[in-house]
Amino acid sequence: MILYFYTILFLHCLQAKAENTFCQIIGEAKYPLLSKDGDVTIGGIFAIHSKETLPSFEFQQKPQPLLCSSVNLRDFRLAQIMIFAIEEINKSENLLPNVSIGYRIFDTCGSRLSSMSATMGLMNELKFAAETCNGQSPIHAIIGETESSATVILSRTTGPFKIPVISHSASCECLSNRKDYPSFFRTISSDYHQGRALAYIVKYLGWSWVGAVNSDNDYGNYGMAIFLNTAQKEGICVEYSVKFYRTETDKLKKVVDTIKKSTAKVIVAFVSFIEMGLLIEQLSIQNITGFQIIGVEGWITSKNYITPNSFHSMGGSLGFALRKINLEGFLDYVTKSFWGTAFPCSQTEGILSTVGCSKYKDLLLLKNYTEDVTEHRYSSHVYKAIYAVAHSLHSLLKCKEGEDCEKGQTIQPQQVVEALKKVNFTVKFGDHVWFDSTGATIAHYEVVNWQQHSDGSFQFKQVGYYDASLPPEQRFVINIGSIIWPGGNLEKPRSVCSESCFPGTRKAAQKGRPVCCYDCVPCADGEISNETDSNNCKQCPREYWSNAEKNKCVLKAIEFLSFTEIMGIVLVCFSLFGVGLTAVVAILFYSKKDSPIVKANNSELSFLLLFSLTLCFLCSLTFIGRPTEWSCMLRHTAFGITFVLCISCVLGKTIVVLMAFKATLPGSNVMKWFGPTQQRLSVLAFTLIQVLICMLWLTISPPFPNKNMTYYKEKIIIECSLGSTISFWAVLGYIGLLAVLCFVLAFLARTLPDNFNEAKFITFSMLIFCAVWITFIPAYVSSPGKFTVAVEIFAILASSFGLLLCIFAPKCYIIICKPEQNTKQHVMGKTSLKVQ
C-alpha cells in the first residue's frame, strides 16, 4: 500500500513540475477537519479520533474499513493549541505584521493508512489558475505527526517536495538522521536522551535485573536499542527483551506470559500510547501485580490509563513525562473563542446548525470540558512549532519592526526548511528554541509516580527530574522518600538476579547467564574484598594476610621459638637440667678426684669434658628467642666450637686409653709421646681448627636474621639464615669427622682387658652421637619454621646427654652405689695399667 502511494506521489511530482498543464486531483479527495485560509498556510496532522476495527476483521476476505469512533482528547487539544497559536500570531503586531496564517488540519484516526491519506490531502491542494496549475502546494509547513512511525512515513512522503515537517512528539532517534530526513524538525528532544535516562533511573534506584518491553515500531525499537546499549554500559542486565505491535494479539500474549514467568521485578516499557493501553488491559485481566513499571513520556501521564482497574497492576509506576506549562489565555480560548470562530459547526438545542456537521457531534461534547487543559504536556511543543514556522516566515518575508511584510513574495517550502535551520527565539514561557541536525537539543523530563490519594483519586506526582542540559553529575535528581512503590508499599522493591556479595567475597559469573547472575565466592587466603559486590579480590601486601572474614589485611603472625611457649619452656628445662646434671657430676668427681676410678679416667680431660658439655647445654639456649644479628652469629659458632671442644676431649680420652694399653707392653715407651701436655695441645689444636672455620664464616657471609614468607603464606617465620651454607656444613662436617674418628678408635679399644674399660662407654656415646646427628640432617631440612630450631636444639641436647650419660654415668654409679669397687685392684683387674 505504501509503495502504491509513493508511486502516485512520484507521478504527481512529475506532473507538478510541468508548467501550464491540466490540473487533476490524484486519488480520492480528502478534506481537512478544521481549516482557515490565509496568506501562508500551515498543515496539521493529528489523530483526533481513535480507530476501531470491525469485529469480523480477521475473518474477512478483504480488510474492512477503519471506523473513527472515539475522540482522542490529547490530539484534539493539540489541534486547538495549533489554532490558538496561529490566532495569537495573526493578532501580533511584531511577528508577521499584515500577513495572515491559515491552516489545514487533518484527522488520521491513529492509522498509518489514514495518515498517508491525510498527507495526500495536503499535497493535492494545488493552486489553480483557470484550467492550469503552477505545480505549487499552498502548504508551507506541516505540524505532525504524533507517533514516530507515522512521522517517518510523513517525512519520507513530503521529503521529495522539501516541505518542512515539525513534530511535537515524534521522538524516535531515527528521525535525527538529516540525510534521510532533510526537512524534518521537532520541538521535542529525541529518545537518545530518554533511552539513556531510563537506564540512569534504574541504576540510581539500585536495580540490576530488569525486563524490557517495547512497541515493534520505529519509536519502540530505536528507543529500546538506546536503553539496552546504555544499560549494558551501566552494568544493568536485561532478563528478557520482548516486543509487539498493536495488531499482533499472539505476540502480546507471549509478552504477558514472559512477564509472568520472569524473576525481574522491574519492567522498562518503551511502548507507544496505543500498545501500552493493550498491555495494561492484559495485565489487569490476568491480575498480574507486584511489578515496578518504568515508563516513557508517550503514555506515563495518560489519564485514560490510570483507572481503578489498571491501578491494581500499574500502581507505583515511574516514568518520564514532559513538563507541564500553562499557556496563558488558552483556557479561555477553548471555552469561548474556539467554538465560536474556529469550529465549523454549532449546536442549538441538540440540533446541528449546518448540513454535514454530524461528524463533529462527538467533538461538541467536549465544549465545556476543561479538566485536562492544565495537565496537557505536549501543548508547549505544538505552540513552539507554530512559532518556529512564524519566525522563519518572518525572516523570509523580510519583515521589519513597525513596517508591513513584503506580501508579494512567493515562499517555497524549501526556503522555510533553510530558514528553520537558522531559527533562534524564545517563547513567552521562557523556553529557548533552536534546531540542529538532530532536532530540538534540550531534554528536560519530570519523573512522575502513579499514586492514589486517601480519597481514592489518582495523580501523577512529580518526584524528580532529568535535565540533559546540566552537567552529568547534576542531570538526575529524585526524591525517593516521595515515591509510592507497587502495592502501596513504602519500601523499594528489589530486582536482582543474584543477591549482593558481601565484603570478603567476590562475584563469579554463572556460565551461560548474564553478568548480573553470579555466585558469591569467598576470597582465597591472603586476598580480601572490602566492598560489596567486588568483581575481584585484592592480594594483601607481602607482610600482611587476610583476616578470618577476608575483608581486611592484617599483619602476618610472626613465628619463632620463644621462651614463653610450651616447646621453648620444655627445651629450656631440659637444657638447664643438663647443666645441673653436669654440675652434679663435676662436683662428685671433684670430691672423689683422688679415688682410683677418677684417676684411671684421666681427671683433667674429664673435667674439661664436663666443662664443654656444660657449654653445649647452655649453647642450646641461644637458639631460643627472637633471632637478632648477634644471636644468629653466636648460636651457630658457639654450637660448632663447644661441640668440637667436647669431641676433642672424648677423642683425647680415647687416645689415652689406647696409649695406656700400649704402654703396658714390654719395651713400649709410647706414653711419653702423649702425656698431659700433648693431650692439652691436641684438644687445643682440634678446637682451634673449628674456631678458624667459624671466623671465616663470620667474615665471608655470617648468619643473619631473616623473615621467611615462603614456607607459610599466612605467617612470617623469623629465622637465622645461614649466610654461607658451605660454612655451616663445614662446621657440621668437621664435628662429624672428629666424631667418626673417635668412634673408630674407641671401637678398636673396646676389647682391652680391663674391668672397667672406658673405651666401651666412649663407643656407645659416639654411636649415640653419630645416630643423633645422622637423623638430624633430614629432620633439619624438612622441619618447618620454629620446628627447625627445635630439631637443632633436640640434637644438641640429645647428643650432650648421650655423652654425659654414657661416659660418666657408670663411674658415678661405682662412686655412689659401689664404693667397694672404687679400688685400684678392681679397676685394673688382672692387668696393671699405669695411668699418668
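Which helix does S612 lie in? S612 belongs to helix α16 (residues 603–619). Helices (H or I, at least four residues) and strands (E, at least two) are DSSP runs, numbered from the N terminus.

This is a predicted model: local features need pLDDT of at least 70, side-chain atom pairs count only at pLDDT 80 or more, and totals for chains, interfaces and linings use all residues. Residues are numbered from 1 along each chain as its sequence is written, and side-chain values use heavy atoms, with hydrogens and water left out.

**S612.** S612 is buried, at 0% relative accessibility. Buried means under 20% relative accessible area, exposed over 50%, partly exposed in between (1.4 Å probe, protein chains only). A polar atom of the S612 side chain lies 2.7 Å from the backbone oxygen of L609.

**Aromatic pairs.** The structure holds 28 aromatic pairs. Rings of Phe, Tyr and Trp (its six-membered ring) pair if their centres lie within 6.5 Å; planes under 30 degrees apart count as stacked, over 60 as edge-to-face and the rest as tilted.

F76 and F338 make an edge-to-face pair, because their planes stand at 75°, with ring centres 6.0 Å apart. The pair links distant parts of the chain: F76 is in helix α2 (residues 73–91) and F338 in helix α10 (residues 330–342), 262 residues apart. F76 is buried at 0% relative accessibility. F338 is buried too, with a relative accessible area of 0%.

F311 and F458 are a tilted pair, with planes at 40° and centres 4.8 Å apart. F311 lies in helix α9 (residues 308–314) and F458 in strand β22 (residues 458–467), so this pair ties together parts that are 147 residues apart in sequence. F311 is buried at 17%, whereas F458 is partly exposed at 23%.

One aromatic cluster includes F76, F338, W339 and Y383.

**Charges over rings.** A charge sits over a ring if NZ of Lys or CZ of Arg is within 6 Å of the ring centre and within 35 degrees of the ring normal.

| Charged residue | Ring | Distance from ring centre |
|---|---|---|
| R74 | F273 | 4.9 Å |
| K265 | F291 | 5.1 Å |

**Surface patch.** V740, V744, F747 and L748 form a nonpolar patch on the surface, with about 350 Å² of accessible area together. Patch residues have over 30% relative accessible area and no salt bridge; like charges are joined within 9 Å, nonpolar side chains (Val, Leu, Ile, Met, Phe, Trp, Tyr) within 5 Å. A salt bridge is a side-chain nitrogen of Lys or Arg within 4 Å of a carboxyl oxygen of Asp or Glu. V744 sits in helix α19 (residues 725–748). V744 is partly exposed, at 40%.

Methods
Accessible areas come from the Shrake-Rupley method with a 1.4 Å probe; for residues, only the protein chains shown count as cover. A polar contact is a pair of N or O atoms within 3.5 Å; within protein, one must be able to donate a hydrogen and the other to accept it, and residues adjacent in sequence count only if both atoms are side-chain atoms.
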